[in-house]
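Follow the aromatic rings through this structure. Where do they sit, and how do they pair?

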Amino acid sequence: MTTDSAGSSTVPTRSTVTASDGVTLAVHSYTEIDPQRPTVLAIHGYPDNHHLWDGVAEHLTGRYNLVAYDVRGAGESARPAGRSNYRFSQLLSDTGAVIDSLGVGGCICWPTTGGSIQAWAAVTERDRDEQSGLVSPRYPGRTSTTRASSYGRPVLHAVSST
């Protein structure tokens, strides 16, 4: 991961990760990575970008490492031409590359509805020893937290924000 500029808890530090096909992904860290805290990877859908998470950053950065990345074709990430460059397998690979670049033992993926399917796959299909989780939106004001269900990990733990 290459760092471009410094930031504070609500102004993210921008860095880049090179995807498996050479596309450059912009990664925005709202905090320094502290191995003592859980890491939340925020994933937006289309046509959004990492700024979608700016409003919640101040509420999370005291307890969590918060990182958001611009998915390929959005925000500050590269925009490859052609639909074949946006196949699900590549989106999953992108998420894995970002997670691996963080150097943490696992993370909680927090997607918007548009990023949910690749986040789900990231915590269930990747062969990882680390514990990973998923916060998935159901409807405004409520969330469910799901632990990865593959590789013998716990199946479901639901919580509500209201």
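Y86 is partly exposed, at 28% relative accessibility. That class lies between buried, under 20% relative accessible area, and exposed, over 50% (1.4 Å probe, protein chains only). This is a predicted model: local features need pLDDT of at least 70, side-chain atom pairs count only at pLDDT 80 or more, and totals for chains, interfaces and linings use all residues. Residues are numbered from 1 along each chain as its sequence is written, and side-chain values use heavy atoms, without hydrogens and water.

A search of the whole structure finds 2 aromatic pairs. Rings of Phe, Tyr and Trp (its six-membered ring) pair if their centres lie within 6.5 Å; planes under 30 degrees apart are stacked, over 60 edge-to-face, and the rest tilted. Y86 pairs edge-to-face with Y46. Their centres are 6.5 Å apart, with 70 degrees between the planes. Y46 sits in the loop between β4 (39-43) and α1 (54-60). Y86 sits in the loop between β5 (65-70) and α2 (88-102), 40 residues away. Helices (H or I, at least four residues) and strands (E, at least two) are DSSP runs, numbered from the N terminus. Y46 is partly exposed too, at 43% relative accessibility.

W53 and W110 form a tilted pair, 4.9 Å centre to centre, with 55 degrees between the planes. W53 lies in the loop between β4 and α1 and W110 in strand β6 (residues 108-111), so the pair ties together parts 57 residues apart in sequence. W53 is buried, at 5% relative accessible area.

Now return to Y46. Most peptide bonds are trans. The bond from Y46 to P47 is cis, with omega near 5 degrees. P47 lies in the loop between β4 and α1.
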